[in-house]
Amino acid sequence: MSTNKESDPSYKTSELAFFGEQYGGQQYNPVGFRLRLTRDVKLLLEEFGGTRPRRLLSVGCGQGEFELMMAPHVDEVVALDLSPEAIEIARANARKRGVSNVSYICQPFEELEWEGRFDVIVCVAFLHHVPVEQMNGFLAQCYGHLEKGGLLYSSDPNINGVLRKIGRVVLGRNYDQYHTPDERELDSGELCDDLHSAGFASVSIRYTDFFLIPASYVLARWPGFVMQAIALVDRVLCGLPVPIASQASTFAAISRK
Ligand SMILES: C[S@@+](CC[C@H](N)C(=O)[O-])C[C@H]1O[C@@H](n2cnc3c(N)ncnc32)[C@H](O)[C@@H]1O
């Protein structure tokens, strides 16, 4: 599972250019960024129910922070991303923190040579980068490479998010600077259908934030306590009944084989 694509600059040019720039400079609030990942880690750990998974695969790991947070809770993490800049940061951070059970691979998911099975597959802020025509194949591959009872955890922008609708109107064209041309927001109902079609026995949707992710970009240099207050507001809003919570900006899908 280790074909190296660091030397292939022509691949997925726009994704590479966008994330190269992102990972090259700090474009988001560091406290907001960490709070977002802490929330995803917490949701995922709740699903482990006290057991210790053996192997975790992360697709679209970016600079690998989520994977470092998960490292103490699993035996082995394999994480891949298209961006050489992201993988370089991820490997340096793992070295700096003395984490030895995470390996980072620079490779597009389309070229992943799936080897063996995993107890957990995570796609944090990644599924919405998978082209529509490849989504069913990718989900089927995830299903096929999970152990029985294994988990697929994903977290993605919600096409029905009220703040996203407002953002598109208020920011107009500027809204596009916050995402790559290839990505798209996802509909939780459609993703549920796709996950069931791939074979997953159960899928549950959790709405996770209204403001934290957008604020992490827009308020990149604001103090951390503002991000903490925003995360608190999000927790309250996401805990409200579904007709309100489903207007969130981001949702997680937790699927079990
Ligand atoms: C929104 S970022 C999420 C990064 C990280 N998981 C996080 O939550 O911070 C999406 C990541 O997907 C990666 N990506 C996009 N297309 C990819 C592909 N075809 N194969 C592998 N990674 C890809 C990008 O390089 C980027 O790092």
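Strand 5 (residues 146-157) and strand 7 (residues 250-256) pair in the antiparallel sense over 7 bridges. Strands here are DSSP runs of E with at least two residues, helices are runs of H or I with at least four, and both are numbered from the N terminus; two strands pair if DSSP finds at least two bridges between them. Within this pairing, Ser-155 has Ala-252 of strand 7 as its bridge partner.

The model is a predicted one: local features need pLDDT of at least 70, side-chain atom pairs count only at pLDDT 80 or more, and totals for chains, interfaces and linings use all residues. Residues are numbered from 1 along each chain as its sequence is written.

**Sheet**

Strand 5 also pairs with strand 4, in parallel, through 6 bridges. Ile-121 has Leu-152 of strand 5 as its bridge partner. The two pairings of strand 5 are set out below.

| Pair | Sense | Bridges | A bridge partner pair |
|---|---|---|---|
| Strand 5 and strand 7 | antiparallel | 7 bridges | Ser-155 and Ala-252 |
| Strand 4 and strand 5 | parallel | 6 bridges | Ile-121 and Leu-152 |

A residue is buried if 20 or more other C-beta atoms, placed from the backbone, lie within 10 Å of its own, exposed if 12 or fewer do, and partly exposed in between.

In total, 7 strands form an open sheet with mixed pairing, in the order 3-2-1-4-5-7-6. Strand 3 (102-106) and strand 6 (202-209) are at the edges; each has a single partner strand, so one side of each lacks a neighbour in the sheet. The twist averages 15° from one strand to the next, taken between lines fitted to C-alpha atoms, with angles from 0 to 180 degrees between N-to-C directions.

Ser-202 is found in strand 6. Ser-202 is exposed, with 10 other C-beta atoms within 10 Å. Leaving out residues up to four places away in sequence, Ser-202 touches Ser-255 and Arg-256; contact is counted when C-beta atoms, placed from the backbone, lie within 7 Å.

**Ligand shell**

The ligand is surrounded by 18 residues, the closest being Gly-60, Gly-62, Leu-82, Ser-83 and Ala-125; the criterion is a C-beta atom, placed from the backbone, within 6 Å. Ala-125 lies in the loop between strand 4 (118-124) and helix 5 (132-144). Phi of Ala-125 is near 55°, a positive value in a residue other than glycine. Ala-125 is buried, with 20 other C-beta atoms within 10 Å.

Key. Two residues are in contact if their C-beta atoms, placed from the backbone, lie within 7 Å.
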